[in-house]
Amino acid sequence: MGRNKYPEETVRKIVDTAESLFIEKGYDHTSLQDIIQATGLSKGAIYHHFTSKEAIFYSVCDRIGQRNGEVLSAVRDDPRLSGIVKLRTIFKVSLHPDRQAKMFCMMPYLLDNAKFLTTEMRSIFFEVAPFFIEPIIRQGMADGSIHTDRPRELAEAMMLLSDIWLNPIVRPTTPEEIVARCALYNCLFNSFGISELIDREIIDTLVRYTEMAHPPAPEEKIRD
């Protein structure tokens with residue numbers, strides 16, 4: 001068998017196909033065989049580039065993360081915005097339906113998968129908090145819109161609570177629980193000058209995500 005002359009195209013085809021299947025069926029209800037059949041590639045061709053369905057999923061998430069990173073960087077680096085305005089804006093764009101709906105449909109509940117939960121927490125500590133949130137908080141300290149002498153710790157606390165505690169894909173959550181958590185979240189950070197960071201639009205978005213996360217598998221829909 002000849003060597004694949006275009007390995008990048010093969011990888012892109014696998015990741016594109018897997019992303020579509022994960023969004024349509026969810027991670028748990030998509031098998032590696034589904035990906036093999038949808039791509040039209042042999043099992044050997046898939047395994048040449050990826051060791052497992054999980055490895056493919058990480059590549060899908062990495063690509064979505066890169067897209068989100070470009071959007072967040074644009075907000076962080078916008079010279080027209082104050083620190084507090086950037087913080088509010090970055091929360092809104094992070095929860096934009098066109099970007100996040102995909103993740104909410106495809107992800108398994110994080111408490112059911114320790115590796116995925118660990119990956120999310122590592123992202124908070126080593127990427128999102130230090131490179132996006134902390135610089136914005138430091139700007140807010142400089143322009144007087146945010147009041148703290150612990151920008152790193154504040155950034156980490158904000159993101160741990162928003163990405164884990166407020167996140168409907170960590171574990172099954174009701175709309176009422178989300179609304180209550182959002183109210184308390186706002187109270188917790190109000191003393192730092194960060195008032196109403198989670199506004200009505202964001203709350204409504206999170207409530208919608210609780211209802212769209214993990215739809216029934218196709219066979220379950222048939223039985224219903």
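In the predicted model, helices H4 and H5 pack with their axes 9 Å apart, at an angle of about 165°. Angles over 145 degrees count as roughly antiparallel, and H4 is therefore roughly antiparallel to H5. The crossing in which H4 passes H5 is right-handed. On the H4 side, the contact is made by Val 71, Leu 72, Val 75 and Arg 76, which meet Lys 86, Thr 89, Ile 90, Val 93 and Ser 94 of H5. By class, the residues of this contact divide into five nonpolar, two polar and two charged.

H4 also packs against H7, here at an angle of about 15° and with the axes 12 Å apart. Angles under 35 degrees count as roughly parallel, and H4 and H7 are therefore roughly parallel to each other. H4 passes H7, too, in a right-handed crossing. The residues of H4 in this contact are Glu 54, Phe 57, Tyr 58, Gly 69, Leu 72, Ser 73 and Arg 76. Their partners in H7 are Lys 115, Phe 116, Thr 119, Phe 131, Phe 132, Pro 135 and Ile 136. The residues of the contact of H4 with H7 divide into eight nonpolar, three polar and three charged. Leu 72 and Arg 76 of H4 take part in the contact with H5 and also in the contact with H7.

Another helix pair is formed by H1, residues 7-25, and H2, residues 32-39, whose axes lie 9 Å apart at an angle of about 125°. This angle makes H1 oblique to H2. The two helices cross in a right-handed manner. From H1, the residues Lys 13, Ile 14, Thr 17, Ala 18, Leu 21, Phe 22 and Lys 25 meet Asp 34, Ile 35, Ala 38 and Thr 39 in H2. Six nonpolar, two polar and three charged residues make up the contact of H1 with H2.

The largest pocket of the model holds about 1,100 Å³ of space. Its lining consists of 40 residues, of which Asn 68, Glu 120, Ser 123, Val 128 and Asp 163 are the closest to the centre of the pocket. At least two lining residues are supplied by each of helices H4 (53-76), H5 (83-94), H6 (97-106), H7 (114-143), H8 (151-165) and H10 (200-212). H4 provides the largest share of the lining, with 11 residues. By class, the lining is made up of 24 nonpolar, 10 polar and six charged residues.

Methods. Residues are numbered from 1 along each chain as its sequence is written. This is a predicted model: local features need pLDDT of at least 70, side-chain atom pairs count only at pLDDT 80 or more; totals for chains, interfaces and linings use all residues. Side-chain values use heavy atoms; hydrogens and water are left out. On a 1 Å grid over the protein atoms alone, a cavity is a set of points where a 1.4 Å probe fits but cannot get out, and a pocket is an open set with protein on both sides within 12 Å along at least five of seven lines; lining residues have an atom within 4 Å of a point. Grid points are joined across faces, edges and corners, and a volume is the space filled by probe spheres set on the points. Helices (H or I, at least four residues) and strands (E, at least two) are DSSP runs, numbered from the N terminus. Ala, Val, Leu, Ile, Met, Phe, Trp, Tyr, Cys and Pro count as nonpolar, Asp, Glu, Lys and Arg as charged, and the others, Gly among them, as polar. Axes are lines fitted to C-alpha atoms, for helices over the stretch in contact, and angles run from 0 to 180 degrees between N-to-C directions. Angles under 35 degrees count as roughly parallel, over 145 as roughly antiparallel, 65 to 115 as roughly perpendicular and the rest as oblique. A crossing is left-handed if the near helix is turned anticlockwise from the far one by less than a right angle, and right-handed if clockwise. Contact means heavy atoms within 4.5 Å.
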